[in-house]
Amino acid sequence: MTRVALCQIPVDHDPETNLSTVRDALARARGADLAVFPEATLARFGPGIVETAQPLDGPFVTGLAEAAREHGTAVIAGVFEPAADGRVWNTAVALREDGSLAAAYRKIHLFDSFGAKESKLVAPGDVPEVVELAGLRIGLITCYDVRFPELARALVDQGADTFAVIAAWGSGPLKEDHWTTLVRARAIENTTWTIAVGQAPNPAIPDGFGVGRSMLVDPMGVARHDLGTGPGVLVAEIDAAWTETARATLPSLEHRRLGVSRS
């Protein structure tokens, strides 16, 4: 069993405020092997992220590492790091329980949809990332990425037995329904545990980012836990044996016909 904390926090524009919120959440997640925080935990989305972005050895990730080490808990969280072209990378960092950096995944699919244009500020990554953390092989997925099943399948082909989906999901008609449906779909089609953590709404900043609805979904698509819309920290268990049972019952990964050409 791996104990996982879903840390559904509101996010501010100020990194120091957010680091304090992370520390408080980790204290509430006592006993967890892994704590997962939302996309953009460093700073809230907006034009200011270019100035706010920090390198991975900067004060925010250093503070995350110190908190991980203090609590003996591995951490996944979203940050922004400066890119060479004047934009930033939207990066998911994965830290081991000793605070060392295990992986940094730069978001591949940018949210140029529903009237938004993430690519104005964010440069795309191009490398899918699977990280060994807290006894799991975790495929990292950030927000809009969840709409692309080929990324999740590539992560499974790299050996992922769990997905961590972090998000600052935007509100709007049908958006929350899309989030819950897509998270469950990625779990079902890959028979894979899925830890999905989004930002809680921040009442002080009504910009539409953050719908909550963080979930732990099992390999058969059952939402074992759903945090609703408000801030919260929930510690739950992932049973790796259930993955084996689900894949024996529903061996769809084995049934792929990869050699069949397109017509």
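P82 counts as partly exposed, at 41% relative accessibility; here buried means under 20% relative accessible area, exposed over 50%, and partly exposed in between, with a 1.4 Å probe and protein chains only. This is a predicted model, in which local features need pLDDT of at least 70 and side-chain atom pairs count only at pLDDT 80 or more, while totals for chains, interfaces and linings use all residues. Residues are numbered from 1 along each chain as its sequence is written, and side-chain values use heavy atoms, with hydrogens and water left out.

**Around P82**

You will find P82 in strand β3; helices (H or I, at least four residues) and strands (E, at least two) are DSSP runs, numbered from the N terminus. Leaving aside residues up to four places away in sequence, P82 touches A53, Q54, P55, R87, V88 and W89, where contact means heavy atoms within 4.5 Å. Its C-alpha atom is separated by 30 Å from that of L182, 100 residues apart along the chain.

What about the strand as a whole? Eight of the nine residues of β3 are buried, so the strand is largely enclosed by the rest of the structure. β3 pairs with β4 (residues 88–95) in the antiparallel sense over eight bridges; two strands pair if DSSP finds at least two bridges between them. In that pairing, P82 stands opposite V88 in β4. The two strands form a hairpin with five residues between them, and G86 in the turn has a positive phi of about 90 degrees. β3 also pairs with β2, in the parallel sense and over three bridges; there, A74 in β3 is the bridge partner of L34.

**Helix α1**

Which elements do the buried residues of helix α1 pack against? They pack against β1 (2–8), β2, α2, α3 (59–71), β3 (74–82) and β13 (232–238). The helix itself (residues 15–28) has 14 residues and reaches 20 Å from its first C-alpha to its last, close to the 20 Å expected at 1.5 Å a residue; the expected span is 1.5 Å times one less than the number of residues. P15, N18, L19, V22, A25 and L26 are buried in α1. Seen down the axis of α1, its buried residues fall within an arc of 120 degrees, so they line one face of the helix; the arc is that of the directions from the helix axis to the C-beta atoms. On the face turned away from this buried side, α1 carries the exposed residues E16 and R28.

**The six-stranded sheet**

An open sheet of six strands has the order β7-β8-β9-β10-β11-β12, with mixed pairing. β7 (130–133) and β12 (223–226) stand at the edges, each with a single partner strand, so one side of each is left without a neighbour in the sheet. Within the sheet, β10 (residues 193–198) and β11 (residues 215–217) run antiparallel and are joined by three bridges. T194 stands opposite V217 in β11.

**The annotated domain**

UniProt lists residues 2–240 for "domain: CN hydrolase", in an unreviewed entry. Over residues 2–240 the chain is 24% helix and 30% strand, and the end C-alpha atoms are 8 Å apart.

Key. UniProt positions are given in the numbering used here, feature names are shortened, and annotations may be inferred rather than shown by experiment.
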